Amino acid sequence: MKIAVDAAGGDHYPENPILGAIKALEEKDDLVVILVGPDKVIHAELEKHQYPKDRLLVHDAPEVIGMDESPAQAVKSKPHSSITVGLGMHAKGHAEAFISAGNTGALLAASTLILGRLEGVIRPTIATIYPTIRGFRLMIDVGANLEAKPEMLYQFANMGCIYASDVMGISNPRVGLLNVGEEEEKGTETLKKAHKLLKNMEAFVGNIEGRDILNGKADVFVCDGYVGNVLLKFGESLPDILEKLVYKVIKEQNISRENAGLVQQLLKKSFEPFDYQKVGGVPFLGVNGVSLVGHGGSTPTAMKNMIFNAVKIVDAKINDKIVASLNNPLNVE
């Protein structure tokens with residue numbers, strides 16, 4: 001299997017994407033990785049490492065899309081960027097998937113433009129892993145669609161269920177609709193109509209409130225991109241804030257260095273199930289291909305696992321299952 005990797009994406013390129021690719025090749029011998037980015041920059045970094053030259057290839061893409069550039073403008077003005085070229089290779093069948101830790105907006109725009117939408121999909125969506133006491137679960141959408149029609153939320157739930165089951169390994173995933181109350185009549189007209197649609201799904205457990213997320217009352221949390229993005233950024237702040245609060249109490253209570261060290265070990269152990277590096281990156285569901293995005297600060301381990309996640313998605317034929325799931329007619333009152 002060939003996976004194209006954006007070697008010019010993220011806060012630590014080309015080092016981390018390249019190290020992640022080498023790690024992936026060391027662990028999986030039936031894999032080929034194509035590094036996409038400025039040829040000279042990539043080769044300068046590769047000279048520092050030992051790697052299988054027959055399975056780690058380089059494809060030149062001289063332009064780089066910065067993390068703070070306007071997504072749509074960057075895609076149009078930089079046709080030779082690593083994102084545009086890498087997705088183009090994937091669209092032409094030269095790679096089974098494309099992954100990047102670069103500009104999320106640019107990657108989504110280019111994925112939609114170059115790969116197109118799957119048959120029946122209204123709008124592609126961004127799904128992300130979210131920490132709960134039951135481990136990582138899925139939240140969808142987290143920024144691609146700031147407003148969503150009921151039919152879109154229904155499709156998000158379908159796509160999210162397939163991903164949670166076949167890639168995340170969650171048996172019989174439960175779907176919850178994020179709302180301001182558990183009752184069916186709560187929320188906006190959009191949410192009320194979405195609730196009626198989602199009732200057709202066996203996996204649907206009803207409306208979910210904010211307090212139910214971290215408790216893992218559902219496995220797939222469905223919302224529009226506005227709500228999802230706010231929750232995503234809030235969730236990202238939790239580990240750091242909790243650590244600061246704990247150490248503030250340690251200092252105020254004059255806890256011994258030995259006990260403070262024990263607390264530190266317990267905190268580190270407690271946060272292990274929420275380590276994003278284990279997943280690496282998440283896909284844009286609904287595009288006619290396999291395009292994954294990772295955190296801008298992705299480590300080599302995160303990049304390696306994003307490659308493995310892409311392999312899982314390809315092997316599981318997620319897109320075929322999404323198209324099949326959307327063939328059922330929707331009944332909107």
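**Note on the predicted model**

1. The overall fold comprises 11 helices and 11 strands. The chain is as compact as a globular protein of its length, because its radius of gyration of 21 Å is close to the 20 Å that the globule rule gives for 333 residues. The C-alpha trace spans about 60 × 60 × 35 Å along its principal axes.

2. Of the 333 residues, 52% are buried. The chain exposes about 16,000 Å², and carbon and sulfur atoms supply 51% of that area. Among contacts with a separation of 6 or more, 71% are between residues 24 or more positions apart.

3. The structure contains 13 salt bridges. One of them joins the side chains of Arg174 and Asp219 at 3.0 Å, N to O. Arg174 lies in the loop between helix 6 and strand 7, and Asp219 in the loop between strand 8 and strand 9, so the pair ties together parts that are 45 residues apart in sequence. Arg174 is partly exposed at 23%, whereas Asp219 is buried at 2% relative accessibility. Both residues belong to a network of salt bridges that also includes Arg137.

4. Two further salt bridges may be noted: Lys78 with Glu69 at 2.7 Å, and Lys28 with Asp30 at 3.5 Å. Glu69 is partly exposed, with a relative accessible area of 25%; Asp30 is partly exposed at 48%.

Note on methods. Residues are numbered from 1 along each chain as its sequence is written. This is a predicted model: local features need pLDDT of at least 70, side-chain atom pairs count only at pLDDT 80 or more; totals for chains, interfaces and linings use all residues. Side-chain values use heavy atoms; hydrogens and water are left out. Helices (H or I, at least four residues) and strands (E, at least two) are DSSP runs, numbered from the N terminus. The radius of gyration is taken over C-alpha atoms; the globule rule is 2.2 Å times the number of residues to the power 0.38. Buried means under 20% relative accessible area, exposed over 50%, partly exposed in between (1.4 Å probe, protein chains only). Contact means heavy atoms within 4.5 Å. Accessible areas come from the Shrake-Rupley method with a 1.4 Å probe; for residues, only the protein chains shown count as cover. A salt bridge is a side-chain nitrogen of Lys or Arg within 4 Å of a carboxyl oxygen of Asp or Glu.
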